[in-house]
Amino acid sequence: MNGFPWLTVAGAVPLAGAIVLAVIPGLPADAPPADRQARDALAKWLALAFSLATLVVVIIIAVKFQVHGPTFQFTETYSWIPQFGVHYALGVDGIALVLIAMSAVLMPAVVLASWHDADPAFPGGRPAGTLPARHSVKTYFALMLVLETMMIGVFAATDVFLFYVLFEAMLVPMYFMIGSYGTGRRQYAAVKFLLYSLLGGLLMLVAVIALYVYSSRSAITGHHGTFLFSVLVHVPLSPNVQKWLFLGFFIAFAIKAPLWPFHTWLPDAADAAQPGTAVLMLGLMDKVGTFGMLRYCFELFPAGAKYFTLLIIVLSLVSILYGAVVAIGQAGLKRLMGYISISHFGFIVLGIFVMTSQGVSGATLYMVNHGFVTAALFILVGCLIARRGSDRIADFGGVQKVAPLLAGFFLVSGLAALSLPGLSPFVSEFLVLVGTFTRYKVAAVFATAGMILAAIYILWMYQRTMNGPTRAEVAGFNDLRIRERLAVAPLLALILFVGVYPRPVLDIINPAVRATMIQVHVTDPVPAHPVTAQNGAAP
Amino acid sequence: MTGSAQALAAQATLSATGALKLSWLLLAFPLFGAAVLLLGGRRTDRWGHLLGVAMPVAAFVYGVIAFFTLLGESDRSRDLHLYSWIPVARFQVSVGLLTDQLSICFVLLITGVGSLIIIYSVGYLWHDADRRRFFGYMNLFVAAMLLLVLADNYLVLYVGWEGVGLASYLLIGFWQFKNSAAVAAKKAFVVNRVGDAGLSLAIMLMFAEFGTMSFTGVFRGVGSAGSGVTLALGLLLLLGACGKSAQVPLQSWLLDAMEGPTPVSALIHAATMVTAGVYLLVRSNPILALAPGARLAVAVVGTITLLVGGIIASAKDDIKKSLAGSTMSQIGYMTLGAGLGPAGYVFAIALLLSHGFYKAGLFLGAGSVMHGMNDEVNMRRYGGLSNVLPVTYVTFGLAYLAISGIPPFSGFFAKDPIIEADFGQHGAAGKVAGVCALIGAGITAFYMTRMMFMTWYGRRRWEEHAASGEPHETAEPLAGGSVQGAHGSAEEYHPHESPPVMTGPMVVLAIGSVGAGAFLIINHRLQKFLAPVVGAPPNTHGFFTAPGIAATALAVAGIALGWWIYGRVPVPATAPAGGPLTVAARKDLYGDALNESLLMRPGQWLTRLSVYFDNRDIDGLVNTIAAAVGGTSGRLRRMQTGFVRSYALSMLAGAAVLVALLLAVRL
């Protein structure tokens, strides 16, 4: 059971990095700026090195993962608080693995993109309005690495209590990253973010404790309460209990995800956060919400999930369309990206709750793709802000002429966001749609309308920022620097690769989805007039 | 009909062998070209256009080899499985290429006409700083279009379908620094997306009904599906076709798309991409065969569009927009043909192929004129150019005869069978469509004659205009031989013939305009060739039947009317006020106004309302709650220091209360 603790190592590497950054001695206040810069550069390079090392460990895990092996692999179980049956238990199925891999891929890109976000002064003359409030560079990067540890932990946890602790604890680094290093109304946004998340967390805590109480009453556990996921899935719960406990978990996840109408913290947070922070928040942290819906809401409370399915499908459709419509009307790039994410999270939740193989596999792949696309878009928005000192769409115009590479990268990222075939989001979005269609045709029709709205919000935004005559303020823009290219290009390469050949990722995801559906006792709808295979093309 | 459709669908598709095993090369060549040119950056500037030409030509050479290989086979349909693309449980989609009679016709059209237009572009865009990017996009287009016609299932077809949409977006917006070009590009993509949504819903319905999206699978399954399903499939496919092929009601983007460089208009918005909707309908013939309601809708859409396009083309003074209206109209004929069922498929494709030649020839001719006229597009400033651009004049004139339906040129052979087939249909609908198609033939001859007289004959209005010193409108900055910085200032026109790299392709296309129709129709060549895919027309007429004679007579009448208005008397240099229909036609028959009042305005209000709502109401409510919980909002802000410290405590306290309650009520 306990082989080499790969998952613990993967989580420990960034934590070690954070500790190393934390112990870099500070300089006296009167130290010369050159010394300070050298010290900051050291912190940045260390952060990059540790995030890359984590990526290497995660790649090893992904390679060693056996597609046809048991559902949960790399399991580690140690007793943590025996009095309450709490375990330090880790393990990944295909769904958790791809999300961990996404986190590990995004982190180096975010570190590169955030290189100057905490600097007291931008070497090339930083545009006004982007100066963060507190200038401890090493703390900023240490917080990022701590967050990575928690992200890996929250996806890998197979003990509900451990999951809950990490779920709440990851708010802390994010709170400081927004509140201390953000821009604009950062403190308001940070508090709003924290309040919303705490409210959800509180409800979840109630459900977690109740789950423990019910497990201690069950004969399956021998009347010893436990938080182990593998045991809890077998604890029988009455449908009524399932409904209430489902809600406890679901509201916490819906706030995180974020699902309409629990979404209002997100645009403010996305607006106030630095672009790198926004990537971590929207691309990584919010995935815990949709991941939790799939892993915990469905597997622990299948009856509860089925009871609320129609309501949640409606909410997800509202998210898709409402997020898209409001995105069209935004004046600022960062808020626009926030609303795009709300629309895309609607697709993910829809895919999960239609409970078909295509819907759930599509939703899982959507989580990964959304991470890459959001990261690419936000990093490029960050590049625009760094050049212009503003994220208002009206302040740009004609960037393509002076910075063709920046515009080209932005266009490819935007096309990915509108799910152009050939790029990875198309695969996931179409799977979600087709998975929805087989069970709920009307819902699929509404969701497909989101496809049209996506073309409007992306291309209109692109037209206003990148096309048209070059504005005077834009004329002096540099094209992407090497550091910025290195942050974005690998993401775009991945988006293209998975779009053309998604099979390796789907092969990892599919068995876990199958296991989930068996656990939840649902099967795919059968085609009305199935056609059997004759040619090699498709059965 | 059901039986024959079933027989067709059941036609076994064999795995590719021999030369056809390499059909992936068709995609690989242009894809390689696009990748090198778009990723290679400025390093490839010097020789980029050579690669950009070589790749489509290489694809054409392979296409010819594949065509003759296919001719030699008794069973002319080959499937090449490439790899498993999206496998999720029952949803199994592979990337596979189907080389059959229908797809090889398109392969030859796309790579053949495409190569000619790309060669022409070398001259046309010689002075454009971004020429390399242009050839990269063109190669991307060729690759996507080939994927569209070679796909062996609907989802891979959809990849090509949206891929050509992307190429179209990039190329309409090639001069994106002009706001008008950027707006037109976006509009084209968004309007197309509406059609794409229809196609993607059709694909979802196929999977839900048949568990597959492959052509063979769907066509075999469709026989057992209910009439509701086939009708829905047919209408959704029609919606997709309307978007891509600029058919009413999704036609409005095509006229704006003329913002793109003229070779783009020739290749994408005349010869190939806009005909993809017709391809989709003809390819899906086993579905249409079982959905008479959908077929009727297809015919109605085609009939309306052929009239609408013709009327718009008759009123435009902008030569490219007039040709764009003409394209709409011609594709309307093809759509009408596809709506007639087996009686019309072959002729729709014959018209599509012939149209590819003569319309590309017309656009390249228009481009050649613009090239020599500082990118002037207003025909009222042309006139008397026949001596100045002799080669362009002759090639344009041959294409003119072809499109006008004068025997024995292409348009006559290709269009007349569709009109005849209309009258051959049972019921009143066919007769109505036939009459409309006849009227359309007259309109076609009229607007083309108008264009001929305005451009080539009469007074040299460009001399008078230069003397008057008014600024002229340029459609295409930096294109061709235009002098940079000359825009908007009064300068003289120095019309001149284009270089051989441009006239050469025009000559080849002119030969096609003359002969393609006769070649395809006489001896039923295309009909026999395509029979395994689309079936044979039930009964074939000779030529010069009553409808055929009527069509030719109407064409002559249209020419006479054109001469009466534009040849007999001098063309005014400024457009006369015109009657209500002319005014409406100049405004694209209010297509944009309709879209604006029905979709855009309500959409804008919805957006504004949602944004307002999102900023105020939901948030306001939540803030109020937050404030109530934390005291005042001012206190909320102060609370944040030390908040994290107290958070664990308050959380635990609250949780304890809730747990106590939970256990007390005993769920």
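Accessible areas here come from the Shrake-Rupley method with a 1.4 Å probe, and for residues only the protein chains shown count as cover. By that method chain A exposes about 16800 Å², with carbon and sulfur atoms supplying 68% of it. This is a predicted model, in which local features need pLDDT of at least 70 and side-chain atom pairs count only at pLDDT 80 or more, while totals for chains, interfaces and linings use all residues. Residues are numbered from 1 along each chain as its sequence is written, chains are lettered from A and ligands numbered from 1 in the order in which they are written, and side-chain values use heavy atoms, with hydrogens and water left out.

**Chain A overall**

- Chain A has 21 helices and 2 strands (DSSP runs numbered from the N terminus: helices are H or I with at least four residues, strands E with at least two).
- The radius of gyration of chain A is 23 Å, close to the 24 Å from the globule rule for 539 residues, so the chain is as compact as a globular protein of that length (the radius is taken over C-alpha atoms, and the rule is 2.2 Å times the number of residues to the power 0.38).
- The C-alpha trace of chain A spans about 70 × 55 × 45 Å along its principal axes.
- Of the 539 residues of chain A, 66% count as buried (under 20% relative accessible area, with exposed over 50% and partly exposed in between; 1.4 Å probe, protein chains only).
- Among contacts in chain A between residues at least 6 apart in sequence, 80% join residues at least 24 apart (a contact means heavy atoms within 4.5 Å).

**The sheet of chain B**

- In chain B, 3 strands form an open sheet in the order β1-β2-β3, with mixed pairing (two strands pair if DSSP finds at least two bridges between them).
- β1 (14-15) and β3 (91-100) of chain B stand at the edges with a single partner strand each, so one side of each has no neighbour in the sheet.
- β1(B) and β2 (residues 77-88) of chain B run parallel and are joined by 2 bridges; B:Leu14 stands opposite B:Arg78.
- β2(B) and β3(B) run antiparallel, joined by 10 bridges, and B:Val88 has B:Phe91 as its bridge partner.
- These two strands, β2(B) and β3(B), form a hairpin with 2 residues between them, and B:Ala89 in the turn has a positive phi of about 50°.
- In β3(B), 9 of the 10 residues are buried, so the strand is largely enclosed by the rest of the structure.

**Helix α11 of chain B**

- In helix α11 (residues 262-271) of chain B, 10 of the 10 residues are buried, including B:Pro263 and B:His269.
- The cover over these residues of α11(B) includes α4 (101-124), α5 (131-150) and α16 (345-372) of chain B.
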